[in-house]
Amino acid sequence: MKVYLHSEASWQTSKPGERPACLFLSPMLRRRCSMVTRMALEAAYQALERAAVPPQEVNVLHLSRLGEITSLMDLLQALVKREPLSPATFSNSVHHTPIGYFSIQAGNQKIGRTLSAGPMTWVMGCVDAFGLLLAHTEPLLLVYSDESLPPEFSCSGTENLPVGAWAFVFSRQAVGA
C-alpha cells in the first residue's frame, strides 16, 4: 500500500482574539462553536477544498492534546460558583465536538474519531491514521487542533503546546506484490 498526501492546510491566529471565519458553517453552528472547534473546522475545510475531496466522503480523525479545555474550564467554574449551566457550554465541553459539528454540517456518516492523549496524541494519531487507511478505501482527513490554555490550568508538558490547527487529506493506493 502507498499512502498519498493530497493536501494540507493550517489556521493560526496572528492577532489576540482573532477567530476563524468558518463561513462554510451554518450560522446556528458557527454561533455555538468554541475556538478549538472553529480552528479545526477551518483547517479541515481548507484541506478538503485544496484536495478537491467532498467533506461527506472522508473518514475523519481529530487530534487534540487537551481538547475543549477552555469550554470545560468554563463549565467547571460555573459548577463551582453554583451558577446556572448553559446547555451550549456543555455541548462544547467534550473532545469530540469538532467531529460532531463537521459531521452535522457535511452530512458525513463515515468514521469520525477523536484522540486526546496529552503528549502522545500526535504519535497515537499517526498510528490510528495508518490503521484507518489500511482498513478503509475512503480518503482520510487528519486534523490536529489545540488552543491556548486558560490561565488557571497548568500541567507538565503543556509549556510548548502549539496553538492552532493543521489538517491533512490522505488516501491509499494498493500496489502489486
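What relative accessible area does Trp 166 have? The views below get to that, using a predicted model.

**View 1. Aromatic pairs across the model.** Searching the whole structure turns up six aromatic pairs.

**View 2. Phe 24 and Tyr 45, a stacked pair.** Here the ring centres of Phe 24 and Tyr 45 sit 4.0 Å apart, with 20 degrees between the planes, so this one goes down as stacked. Phe 24 comes from the loop between β1 (2-11) and α1 (27-32), while Tyr 45 belongs to helix α2 (residues 35-51), so the contact ties together parts 21 residues apart in sequence.

**View 3. Tyr 144 and Trp 166, a tilted pair.** The centres of the Tyr 144 and Trp 166 rings are 5.8 Å apart and their planes meet at 45 degrees, so the pair is tilted. Both partners sit in strands: Tyr 144 in β4 (residues 140-146) and Trp 166 in β5 (residues 164-173), so parts 22 residues apart in sequence are tied together. Tyr 144 is buried, with 7% relative accessibility. And back to the opening question: Trp 166 has a relative accessible area of 21%, so it is partly exposed; the cut-off for buried is under 20%.

**View 4. A cluster of linked rings.** Zoom out from Tyr 144 and Trp 166 and you find them in a cluster. Ring pairs also bring Trp 122, Phe 168 and Phe 170 into that cluster.

Note on methods
Residues are numbered from 1 along each chain as its sequence is written. This is a predicted model: local features need pLDDT of at least 70, side-chain atom pairs count only at pLDDT 80 or more; totals for chains, interfaces and linings use all residues. Side-chain values use heavy atoms; hydrogens and water are left out. Rings of Phe, Tyr and Trp (its six-membered ring) pair if their centres lie within 6.5 Å; planes under 30 degrees apart count as stacked, over 60 as edge-to-face and the rest as tilted. Helices (H or I, at least four residues) and strands (E, at least two) are DSSP runs, numbered from the N terminus. Buried means under 20% relative accessible area, exposed over 50%, partly exposed in between (1.4 Å probe, protein chains only).
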